Amino acid sequence: MRRLRFNGTDSKNGGCPAVHEDIDSGEIIVQGRPLTDPADRAQLQYFGLDDAAVVVPRELLVNHGPKEMKRVPKLIGLEEFGRLFETFEHSAWHLETRRGYASDREDLGFEEFLATGEAPSDLDSDWCQNIRQQTAAGKYVGRVRVVDHPPTDGQRFLLSYARVNEATGEDARNLWRADADQVHLPAEDFWLFDSRLVAVLRFDDQDVFHDVEIITEPAEVLRYCQVRDAAVHASVPYDEFAAQMDMKG
């Protein structure tokens, strides 16, 4: 079975036409209105018996088709990544989809959480001080965390820690993985800065964060903006989600 990624649509009502991409082969799948008139089909060159033709607006391919034959990832280190949180102009938004993070498990606060059920607060950390400064300046910082049922220890830890996110002015939200699948969220972690730059966080098999891929291609950035909008729409504030989790048991 192919692993397809939705690139985008110019449809105003959620239907076709649309463009998808095969994650593994790089092939592009275009869906649209079938070309059925025999006179029209007769004009197509190199048209095989098993081929299908669809009609799509030119702007669909301009807006959502890949602009490079093969995209070479641009990687940055953690220091340069950290500076993005100081220099963004109006918004920074994060999607978290992993079941756990090595950095959390290595945190002394994680052991405290396992013992007490509550993550410690450290509002004086460099991270919290910077985010407080950014949100106090009127900038938006938000995140949506995807949670399994039942949640992992790492996900429960982050749900408890969300009160710290909120205290810095962040819009911290959550949704169940089944709901994330329903709205076709990708299984990747990324930050979206100013709706123009995407920083995809890359991890190894042990959940260790090691580098960041930067994406600025407009069509790709637009896809991530659409992911953000879908995630925010499907999610709820962390405290409301915590109440849901208590009800589910």
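Author: Helix 3 (78-87), strand 7 (91-96), helix 4 (102-105), helix 6 (126-136), strand 8 (140-147), helix 7 (153-167), strand 10 (189-193) and strand 11 each supply at least two residues of the lining of the second largest pocket. Helices (H or I, at least four residues) and strands (E, at least two) are DSSP runs, numbered from the N terminus. The model is predicted: local features need pLDDT of at least 70 and side-chain atom pairs count only at pLDDT 80 or more, while totals for chains, interfaces and linings use all residues. Residues are numbered from 1 along each chain as its sequence is written, and side-chain values use heavy atoms, with hydrogens and water left out.

A pocket is an open set of points on a 1 Å grid over the protein atoms alone, with protein on both sides within 12 Å along at least five of seven lines; a cavity is a set where a 1.4 Å probe fits but cannot get out, and lining residues have an atom within 4 Å of a point. Grid points are joined across faces, edges and corners, and a volume is the space filled by probe spheres set on the points.

On these terms the second largest pocket holds about 930 Å³. Its lining has 29 residues, and Ser-103, Asp-104, Trp-127, Arg-143 and Tyr-161 lie nearest its centre. By class, 12 of the lining residues are nonpolar, eight polar and nine charged. Here Ala, Val, Leu, Ile, Met, Phe, Trp, Tyr, Cys and Pro count as nonpolar, Asp, Glu, Lys and Arg as charged, and the others, Gly among them, as polar.

Among the buried residues of helix 7 are Phe-157, Leu-158, Leu-159, Ser-160, Tyr-161 and Ala-162, where buried means under 20% relative accessible area, exposed over 50%, and partly exposed in between (1.4 Å probe, protein chains only). After helix 7 comes Gly-169, with a positive phi near 100°.

One cavity of 30 Å³ or more is counted, and the largest cavity has a volume of about 60 Å³. Strand 8 and helix 7 each give at least two residues to its lining. The residues lining the largest cavity include Arg-145, Val-146, Val-147, Gln-155, Leu-158 and Leu-159. That lining divides into five nonpolar, two polar and three charged residues.

For comparison, the largest pocket holds about 1,100 Å³ and is lined by 33 residues. Strand 11 gives two or more residues to this lining too, but the largest share, six residues, comes from helix 9.

Two cysteines remain. Cys-128 counts as buried because its relative accessibility is 1%, and Cys-225 is buried at 11%. The whole structure has zero disulfides, a disulfide being a pair of cysteine sulfur atoms within 2.5 Å.
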